[in-house]
Amino acid sequence: MKQTLSLLLLVLGCARLTAQEPPLLKISDNHKYLVTEDDRPFFWLGGTAWELIHRLNRDEVDRYLADRQSKGFTVVQTVILAELDGLNTPNAYGEKPLIGNDPTRINEAYFEHVDYVVEQAARRGIYLGLLPTWGDKYHMAWGVGPEIFTPENARVYGEILGKRYAGHNNIVWILGGDRWPKDGQDSAIVSAMAEGIRAFDSRHLLTMHPSGAQLASNFFNDPWLDFDMFQAGHDRTIRDFEYVWKAREVTPLRPVVNGEPRYEDHPDRFNALAYGWMDDSDVRSSAYWSMLAGAAGYTYGCHDIWQMFDMSREPVNGARNVWEAALQLPGSGQLKHLKALLEAFPWQDMRNDQALLLNENADDTTFILATIGADRDFMLFYTPMGKSVVPDLSRMQASRVKAHWFNPRDGHSLPIGEFDSADRPILTPWSAGRGSDFVLVIVDAASEFVLPDPF
């Protein structure tokens, strides 16, 4: 009887685990976006938590994941062999990842904590953008390393990871680790790691996290690169949409994700005295520019959170808030409004088209981005500093349209009125300047599109 009961509990436990697994991800048929295995659009709203595995204990992991789940995040990007002395400084349980810093000999006790993070993310419907290693473990450049990888042991390490996590649906593999290959040896290491993963895991998507101001496809245009990723960098003058445009020029066509944009609470251009600190306005500009340009996703970052800073640690690059307090900075919470707005429309059918804008568009941080639906039944214009918009309403299929202002800070919308498609209205939001960004929403007056309620 006890044996039968134990078997039943095991079966039920497996069923619960299976039920908790999010669906696998794949590339859309048009090669521009990510979708679930049953072809539902997938909105990559990520968070950079690079030191999550290395620095946090399980209670802290749970608190972080619960917060990101509550804010609509779908992806968390983190690292197994972490940046901040991840080989020689133990995790919260006193464990190091490798035995003798040998990538072919993993420490089971450390990886049980990795397993916990994978499983707890899955329970919350969150995918892990999992980096096998930070880049200093094969190309020092900065940091402490040490460089431990060769093409031969990189492949074995990839095989170990691929075999261990092939059965978990909520994995996206991210190679690179904020680096570029300095030579053929580095390129061979990254490719060998990808080949090792693929030897046991053909179920999960694979990409690369490059260094600042770069696309992954600038370094690798290999079959293993399922989708492109860029690091826009920590500079509020950077125009994130340009990376999406550049990715669209690469053959073969792939989806592209903004994997590391400007971080909230980060010194602008690494110099707070000269330029100040980046804030939620920077987050929104970076995110809306990326998504309306046609990106498959956007990854939020916070300077205090990526390093999981607390008062017992040395701050990196001037981190000034402990990570748990930084969870409440406004930028991360405001991104749910971006997600809700786009999901109110067939957003994966949008097409960025700057000719939709009839007024002058300065080539600076006020740049207005425009997009239109495939059926020409909606248009969106993002004005990052509240400048007026003159939309070309004749591009709409309908002869009569409705216009709204959408507020990215709080999710509220304001009806403007109805117009004929022949009209050329000058539409101006109610405030302007830094932090006064808005989305102009134009819809077919007869359509059933409904702007999301604020929450």
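The structure is a predicted model. Its largest pocket holds about 450 Å³ of space, and the second largest pocket has a volume of about 210 Å³. The sheet is open and has six strands.

**Largest pocket**
- The lining consists of 26 residues, and E83, W142, D178, F270 and N317 are those nearest the centre of the pocket.
- Two elements, β8 (171-179) and α10 (303-306), each give two or more residues to this lining.
- By class, the lining of the largest pocket has 10 nonpolar, nine polar and seven charged residues.

**Second largest pocket**
- This pocket is lined by 15 residues, with K32, R248, M350, R351 and N352 closest to its centre.
- Elements that give two or more residues to the lining are α7 (241-248), α9 (280-293) and β14 (351-352).
- The largest share, three residues, comes from α9.
- The lining of the second largest pocket divides into six nonpolar, five polar and four charged residues.

**Six-stranded sheet**
- The strand order is β14-β15-β16-β19-β17-β18, and the pairing is antiparallel.
- β14 and β18 (413-420) are the edge strands; each has a single partner strand, so one side of each has no neighbour in the sheet.
- Two bridges join β14 to β15 (residues 369-372) in the antiparallel sense.
- R351 has I372 of β15 as its bridge partner.

- The edge strand β14 gives two or more residues to the lining of the second largest pocket.

Terms used:
Residues are numbered from 1 along each chain as its sequence is written. This is a predicted model: local features need pLDDT of at least 70, side-chain atom pairs count only at pLDDT 80 or more; totals for chains, interfaces and linings use all residues. Side-chain values use heavy atoms; hydrogens and water are left out. On a 1 Å grid over the protein atoms alone, a cavity is a set of points where a 1.4 Å probe fits but cannot get out, and a pocket is an open set with protein on both sides within 12 Å along at least five of seven lines; lining residues have an atom within 4 Å of a point. Grid points are joined across faces, edges and corners, and a volume is the space filled by probe spheres set on the points. Helices (H or I, at least four residues) and strands (E, at least two) are DSSP runs, numbered from the N terminus. Ala, Val, Leu, Ile, Met, Phe, Trp, Tyr, Cys and Pro count as nonpolar, Asp, Glu, Lys and Arg as charged, and the others, Gly among them, as polar. Two strands pair if DSSP finds at least two bridges between them.
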